[in-house]
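Today I am opening a new model and writing down what I look up as I go.

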Amino acid sequence: RFLALAKAGKYAQCRSILGEILRIDPTHGTAWYNMACVHCRLGAPDEAMSCLNKALEHGYSDFRHLARDGDLEPLRGLQAYDELLKRNQEIQRARAEKMQQALRQQFGDGYIVEVDHPSRLVLATDMDRQMLDELKAYLTAYAEAQWADLFTHRFEQYVTVVVPCSGSVALAGATGGYYTHPQRLLLAGQTGMVLTHEFTHALHDADQDGLGQRHPMWIAEGLATLFESSIIADGHVLAEPNHRLNLLKSLIAGDRNIPWKDFVRYDQARFMTRVIASYPQCRYMMMYLYENGLLKRWYDAYTAGYEEDPTGAEALEQVFGKTLDEVEADWLAWVRKQKSPPVRLAVESAYIGVRTQGQADGLRVLEVVPGSGADKAALKPGDVIVNVDGRRVVSPAAMLRLVSRHIPGDEIEVRFRRSGQYGTVTVTLGKWAGEPPAAQPAKDAPQPPPAEQAPAPPARKAA
């Protein structure tokens with residue numbers, strides 16, 4: 001009722017509705033903020049300032065919106081308003097510390113909950129201290145790289161990152177995690193690809209806040225999926241191919257991809273009705289820009305021209321110097337030429353020799369193939385592999401991609417956890433001989449290690 005009345009400009013009635021809301025919940029920070037806006041519209045700046053202070057007292061902290069909100073124009077230049085803006089840092093820190101207390105109460109002693117003020121992160125997890133420190137270092141390095149290369153606006157409000165390794169937190173139907181921007185809350189049931197995907201959303205949303213823009217789904221999910229498979233090198237984030245390419249090539253071969261002129265105009269509902277095509281397509285549209293060295297140039301052109309074209313189509317035409325149809329035709333030819341990531345071990349390819357199960361912070365070893373490199377390096381069932389070749393691994397697909405870059409006989413470092421202690425071994429990769437013939441199985445033939453077989457491309461997003 002409030003939103004409908006506000007849209008109609010019936011501010012006196014809005015004031016009554018907000019009064020009802022605040023009688024139900026006197027601590028509703030957003031309602032107090034809206035009441036301040038209504039008082040401004042009704043020519044009552046003193047009442048507006050009082051409500052604005054109430055909003056901050058009860059958790060409202062979006063100073064970027066507050067500073068440019070046209071409804072608050074009557075307050076600009078008032079000393080009380082200027083003093084309020086100076087409280088930004090104080091309000092943000094207080095909100096973060098309040099969130100820390102709430103999370104400690106919610107999760108109890110089994111979780112480490114801490115605030116990292118320099119990075120503006122509130123972290124909560126039941127992984128061990130060493131893993132948490134590595135996670136914090138990764139998120140900080142990733143954010144700094146993206147702010148250097150792509151995004152302009154840093155976090156104003158603290159982002160809460162919850163990583164429940166024990167499965168003690170339900171993901172509310174999400175397959176791996178989610179980020180909800182109004183609460184600045186990221187929940188990831190897995191580090192690695194899922195966490196990076198959702199954290200990219202947090203970074204992009206903060207940049208949109210600073211720009212005063214809301215970008216369409218193909219851009220938001222395109223950036224998140226682009227960097228979900230990536231590494232940080234020399235202060236830059238380097239995107240890598242992943243399983244979504246296999247699905248995209250299949251869609252293109254069946255003429256089931258979405259024409260760009262339609263896709264860039266999809267709203268969220270339409271995007272999600274064609275999710276099987278939407279996610280791989282937006283990732284590899286972004287990958288095409290990235291591979292051509294045009295991602296930053298396109299993003300800057302897009303955000304500069306957002307008011308004229310919020311779809312991003314004109315910026316694509318601008319940076320490529322071609323019509324959208326011509327760019328799409330070149331893209332289709334480029335996709336067809338891309339080498340698909342491996343989805344299973346190929347005969348005579350390199351392999352470690354383990355069967356594993358993915359978990360939040362690594363790969364739990366279920367079985368070690370006798371005589372394999374893993375066996376000779378003394379890896380054991382129950383170990384949790386956390387790094388391969390210096391890279392965090394939490395999925396069989398990720399390990400397969402790493403190992404497939406090597407040849408049999410190569411040595412790689414494998415970092416693992418055993419009974420809470422960490423160790424590193426050097427594994428000499430063996431040669432995968434393939435499965436034994438079905439009709440005459442060899443008695444002692446090793447079975448294919450599923451940990452080095454990537455699953456089929458998922459039909460739904462992993463976030």
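Entry 1: I began with aspartate 209, which counts as buried at 12% relative accessibility. My scale for this: buried means under 20% relative accessible area, exposed means over 50%, and partly exposed is in between, using a 1.4 Å probe and protein chains only. Before going on, I noted that this is a predicted model, where local features need pLDDT of at least 70 and side-chain atom pairs count only at pLDDT 80 or more, while totals for chains, interfaces and linings use all residues. I also noted that residues are numbered from 1 along each chain as its sequence is written, and that side-chain values use heavy atoms, with hydrogens and water left out.

**Entry 2: partners of aspartate 209.** Which side chains meet aspartate 209 in a salt bridge? I found arginine 184, at 3.0 Å from N to O. The two sit in distant parts of the chain, 25 residues apart: aspartate 209 is in helix α9 and arginine 184 is in the loop between β4 and β5. For these names, helices (H or I, at least four residues) and strands (E, at least two) are DSSP runs, numbered from the N terminus. A salt bridge here is a side-chain nitrogen of Lys or Arg within 4 Å of a carboxyl oxygen of Asp or Glu. Arginine 184 counts as buried, at 7% relative accessibility. I also found arginine 214 in a salt bridge with aspartate 209, at 2.8 Å from N to O. Arginine 214 is partly exposed, with a relative accessible area of 42%.

**Entry 3: other salt bridges.** A reminder to myself: side chains of opposite charge can pair when their charged atoms come close. By the rule above, the count comes to 23 salt bridges. One of them joins glutamate 367 and arginine 355, at 3.1 Å from N to O. This pair also links distant parts of the chain, with glutamate 367 in strand β10 (residues 362-368) and arginine 355 in strand β9 (residues 354-359), 12 residues apart. Glutamate 367 is partly exposed at 34% relative accessibility, and arginine 355 is partly exposed at 32%.

Entry 4: In what order do the 5 strands of the open sheet stand? I read it as β1-β2-β3-β5-β4, with mixed pairing; two strands pair if DSSP finds at least two bridges between them. β1 (112-116) and β4 (177-180) each have a single partner strand, so one side of each is left without a neighbour in the sheet. On average, neighbouring strands are turned by 10° against each other, direction ignored.

β1 and β2 pair in the antiparallel sense over 5 bridges, and valine 115 has valine 122 as its bridge partner in β2. These two strands form a hairpin with 4 residues between them, and arginine 120 in the turn has a positive phi of about 60°. On to the next pair: β2 (residues 121-125) and β3 (residues 159-163) run in the parallel sense, again over 5 bridges. Leucine 121 stands opposite valine 159 in β3, and valine 122 stands opposite threonine 160.

**Entry 5: what covers the sheet.** Is β3 enclosed or open? 5 of its 5 residues are buried, so β3 is largely enclosed by the rest of the structure. Val159, Val161 and Val163 are buried on one side of β3, and Thr160 and Val162 on the other. β1 is mostly covered, with 4 of its 5 residues buried. Helix α9 (residues 193-211) lies across β2, β3, β4 and β5 (185-188), running at about 10° to β4. For angles, axes are lines fitted to C-alpha atoms, for helices over the stretch in contact, and the values run from 0 to 180 degrees between N-to-C directions.

**Entry 6: two helices side by side.** My last stop was helix α2 (residues 11-24) and helix α3 (residues 29-41), whose axes come within 10 Å and cross at roughly 155°. That makes α2 roughly antiparallel to α3, since angles under 35 degrees count as roughly parallel, over 145 as roughly antiparallel, 65 to 115 as roughly perpendicular and the rest as oblique.

Methods. Contact means heavy atoms within 4.5 Å.
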